[in-house]
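Please keep the sequence and the model side by side while reading. The paragraphs go through the structure part by part.

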Amino acid sequence: MAPLLPVVSRTGFRLSVIVAAVLLAGCAAGPDYVRPAVETPAAWKETGAWKTAQPQPADSQHPWWEAYGDSILNTLVAQANVANQNIRQAEAQYRAASAAADAARAGFFPTAGLSAGAGRALTNSNGVRLGNNETLGFAASWQPDLWGSVRRSVEAGNAGAQASADDLAGAQLSIQAAVVQDYLQLRVTDQLRELYAATTLAYTRALELTQHQYEAGVALRSDVALAQSQLKTAQAQGTDLDAQRAQLEHALAILTGRPPAAFSLAPATAEHPFEARLPASPPGLPSELLERRPDIASAERHVAQANANIGVATAAYFPSLTLSATGGFSAAQFGTLFNTPSRVWSLGAALAQTVFDGGLRRARTAQAVATYDASVAQYKQTVLNGFQQVEDNLSTLRVLDGEARLQDEAVQASQLAERLALAQYRAGSANYLAVVTAQNLSLANQRTAAQLLGRQLAASVSLITATGGGWNAPTTESRKPTP
C-alpha cells in the first residue's frame, strides 16, 4: 500500500486546487454596477404628472406615425424601416456588438485542439542516428475565472450589446421622425403652392380689372403697373416653393433608400387633399415616457459597460491559474503509433503573477475609472437633454395652438377686407392701392396660417420623438431590435 501514498497526495492536491478555484470563482474584481442617480424635478414645468424615470428597453417598432392618419406617410415610413442605409448600418453594428459579447463569454470554457505530425531527422546524441517520428495528440487548457475578469468582460459585452440595440432603436426612431417631418413639410408646401396658385389667378383677374378700368379712363396707369408688379411677385414666390418641394422630395427618396430620380410624390390638390391631421397631445404627459428614449437607455448601458471594464482592469492585479492536459501517441513508425508503449500524456498547472509592468495596470485602471466617470456625465446630460426637449415642444405646441386660433381669425378678417376693397374699387369709391394693401395682407395671413400648421406638425413630431415614440406606446415591453 505504501506506493499508493504519493498518488493519494497528488490527487488530494489536485482536488484542493479545484476546490480553491471554485471558491475563488465567486469573487469578481471591481465595483458592482449601480445605476447613477439623476436629479429630477418634482413636476413638468409645462404640464403633467412626474415620477423618477428608469431607462427601459426601447421599442422602435411602435407605429407612432399612424397617429397622423395619412396612408402615404405610413407607406413611406415602412419603406424607410426596410431600405434606409443608416438603419442597416446600425443593425450591422448591433450584430457586431452581440458577437463581441459572445466572444467574451467563450472565456468561461477551456480550449482544446488536435495535432498530428510526421518527421524524419538526423541526430548525433548517443551516436549518429537517422530516424522517423510520428505523432498524434490532444491538448486542452483552461484558465479558471478566479477574479471575475471573464465575468466582468461578459458583463461589459452584454451591456455593450444592449447599448447597441438601443442605438439601433434610436437610428430607427430618428429616420422615422425624419421621414414624417419631411413628408409633412412637403404637404404644407403643397398647401402653400395651392394658395399661390389661387392667389395668382385672383391677381390675374385683378390686373384685367385695372386694365379695363384704365382703358375706360377711370383708372391710372400706375394702377396697372401696381397690379402687374403684384402678380409677378406672387408668381416668383410660388416658383420658389417648387424648389423647396423638390428638395423635400429628394430627401424622402434618400430616406427610403432610393435615388431621387426613382422617386416622386404627386402633389396634394383640392381633388386629392392633404390627409394628415395634427395628433392631440394628452393633457398630462407622464415622465415614464422618457424611459423609452433610446439615447437615454443607450447612455445608461454604456455606464454599465464602463463599470464592468473597471473590474476587468482591476483583475489584472491578481495571479492567473492555467490548468493544462495533453495526451496522444508518439512512435518512430506509423505501424506502432497506437501501441501502448507509444502513449504519452501530461497534466499541469501554472500560476503566473506580473511583478513589474512599469505602471501599466495602474494606468489602465485609471483609464477605466475616467471612462466610467465620463459615461456617467454623458448619461446625466442625455437625461437633462430629454427633459429640455419635452419641455420645449410642450411649450411650443401650447403657444402655437393659441397663435393658430388668432391667426385663423386674422385670415377671415383679411379675406373680408380684400373682398370689400375690390368691391369699393369696382364702384370707384377706393383707389387701387387699398386693394393691393388688402390683398397683400390676406396673402400674408394665409401664408402665415399654413406655416403655423407646419410648425405645429413639426413640434408634434419632435415631442413624440422626445418621448421615445409617442405617448400611446407600451413602456415596459422588451423587444429585440428588428433588422
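What follows is a walk from the nonpolar cores to a helix and then to a pair of strands.

The model is a predicted one, in which local features need pLDDT of at least 70 and side-chain atom pairs count only at pLDDT 80 or more, while totals for chains, interfaces and linings use all residues. Residues are numbered from 1 along each chain as its sequence is written, and side-chain values use heavy atoms, with hydrogens and water left out.

A nonpolar core is here a set of buried Ala, Val, Leu, Ile, Met, Phe, Trp, Tyr and Cys residues joined through side-chain atoms within 4.5 Å, where buried means under 20% relative accessible area, exposed over 50% and partly exposed in between, with a 1.4 Å probe and protein chains only. The largest such core has 34 residues, and W64, Y68, V179, V180, Y183, L184 and L252 have the most contacts inside it. Two or more residues each are given to this core by α2 (71–83), α3 (85–105), α4 (149–215), α5 and α8 (432–466); helices (H or I, at least four residues) and strands (E, at least two) are DSSP runs, numbered from the N terminus. Helix α4 supplies the largest share of this core, twelve residues. Another core, of 22 residues, lies apart from it and includes L195, Y203, L209 and A450.

Leaving aside residues up to four places away in sequence, L184 touches Y68, F274, A276, L457 and V461, contact meaning heavy atoms within 4.5 Å. W64 and W65 are both buried. Three aromatic pairs are found in the whole structure, and W64 and W65 form an edge-to-face one, with 5.8 Å centre to centre and 75 degrees between the planes. Rings of Phe, Tyr and Trp (its six-membered ring) pair if their centres lie within 6.5 Å, and planes under 30 degrees apart count as stacked, over 60 as edge-to-face and the rest as tilted.

Helix α5 (residues 221–255) has 35 residues and reaches 52 Å from its first C-alpha to its last, close to the 51 Å expected at 1.5 Å a residue, a span taken as 1.5 Å times one less than the number of residues. Just after α5, G257 takes a positive phi of about 80 degrees.

Strands β3 (residues 320–331) and β4 run antiparallel and are joined by ten bridges; two strands pair if DSSP finds at least two bridges between them. Strand β4 (residues 343–352) is hardly covered, as the count of buried residues among its ten residues is zero. In β4, L347 stands opposite A325. G348 also lies in β4 and counts as partly exposed because its relative accessibility is 31%.
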